[in-house]
Amino acid sequence: MALLPLLQSVSEWAPIVLIRDSKYGMPAVQSFHLLGLTMLLATVVVLDLRLADLGMKDYGLPSLARQLEPWTIGAIVVVISSGLLIFLATPGKYLDSRPFRLKMALLASALLFHFAVLRRFTTPDSVVRPRLINAIVAFLSVTLWFGVGWAGRAIAFIP
Amino acid sequence: MPLFEWCQWLQHTRFATAITESDWLFPLIEGSHILALPISVGMILIADLRLLGLAFNGEASGKIVPRFLQLSRIGFPVMFLTGGLLLITQAGKAYGNPFFRTKLIFLVVAAINAAVYQKLLYPKMAEWDSASGAPAGARFCAAFSLALWIGVIVCGRTMAYQF
């Protein structure tokens, strides 16, 4: 496959080498990844609690969603760009990792679910839906996003 | 017994080694410590951003900030429990780690900052909403809290590289 030589040459690119080999390069990028995760999952939890009618009940769902969205999207940009740097610095650590593959599959599902499904439930003109349906959508959203996090942690422990 | 030797002893107790040697216990505790971040620190960050006028400007801060602080109370017990367990298993290694020491200092200062906020500013929050946003003191506390919690996360992540 042509992907591996390409990834190897990218991992030898000077800025990537600097991140990998300097004393605080990787901890700094990992810290950004963790800060992004904190903000991303915090905004998701607030939105899903409201959707499931478990919290923030006296706030309108569309208005909460609108005010959370820039922070969710900003956090997604931070986690993906820092994650890409971590991957490019040490691709060998991730290419054959089963938890990493699972993490990427869950990430793609979570993103798709967030922007294709969840969004329809939080727009101002969305019709009133049964509470159970809302709760299921909120549960799936939280499960997918936290699943990404757990799969990420598993990379360190499972081959 | 000096603190360092006590930490060494703690790390080698049967309780600590049982966690360290378990295939799933340590990953479970460490994973929970990290994934409780959004429901603890994350909620504080959102509250701070609101006080600074950077998020949720459409909502009265006197009403919405306490909501986020309430939500953070779900995550913090998990944080302290799992953090305490992680510390027990690595006490000897953590003792001399400059990032661990800095993290502890940041946590103590963040707690003092939160107590000051609770005591001096929290009771007056309802008055701000009729005025033009949070007063300078509250904004200072929020910015300080934001910086401290970011520091806690950065130190927590970095200390693991030195184990």
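Colleague: Before we start, which conventions apply to the numbering and to the confidence cut-offs?
Modeller: Residues are numbered from 1 along each chain as its sequence is written, while chains are lettered from A and ligands numbered from 1 in the order in which they are written. As this is a predicted model, local features need pLDDT of at least 70 and side-chain atom pairs count only at pLDDT 80 or more, whereas totals for chains, interfaces and linings use all residues.

Colleague: How many helices does chain B have?
Modeller: Helices (H or I, at least four residues) and strands (E, at least two) are DSSP runs, numbered from the N terminus. Chain B has zero strands, and its count of helices is eight.

Colleague: What percentage of chain B counts as buried?
Modeller: A residue is buried if 20 or more other C-beta atoms, placed from the backbone, lie within 10 Å of its own; 12 or fewer makes it exposed, and in between it is partly exposed. Chain A has 159 residues, with 31% buried. For the 163 residues of chain B, the value is 33%.

Colleague: Which helix of chain B gives the largest share of the side that touches chain A?
Modeller: Contact here requires C-beta atoms, placed from the backbone, within 7 Å. In those terms, 25 residues of chain B are in contact with 22 residues of chain A. Elements giving two or more residues to that side of chain B are helix 3 (25-35), helix 4 (38-51), helix 5 (61-95) and helix 8 (136-159). The largest share, seven residues, comes from helix 4 of chain B.

Colleague: How many nonpolar residues are on that side of chain B?
Modeller: Ala, Val, Leu, Ile, Met, Phe, Trp, Tyr, Cys and Pro count as nonpolar, Asp, Glu, Lys and Arg as charged, and the others, Gly among them, as polar. Four residues there are polar and four are charged, while the nonpolar ones number 17.

Colleague: Which residues touch the most other members of the largest nonpolar core?
Modeller: A nonpolar core is a set of buried Ala, Val, Leu, Ile, Met, Phe, Trp, Tyr and Cys residues joined through C-beta atoms within 7 Å. This one has 68 residues, and the two that touch the most other members are A:Ala42 and B:Met43.

Technical notes
Contact = placed C-beta atoms within 7 Å.
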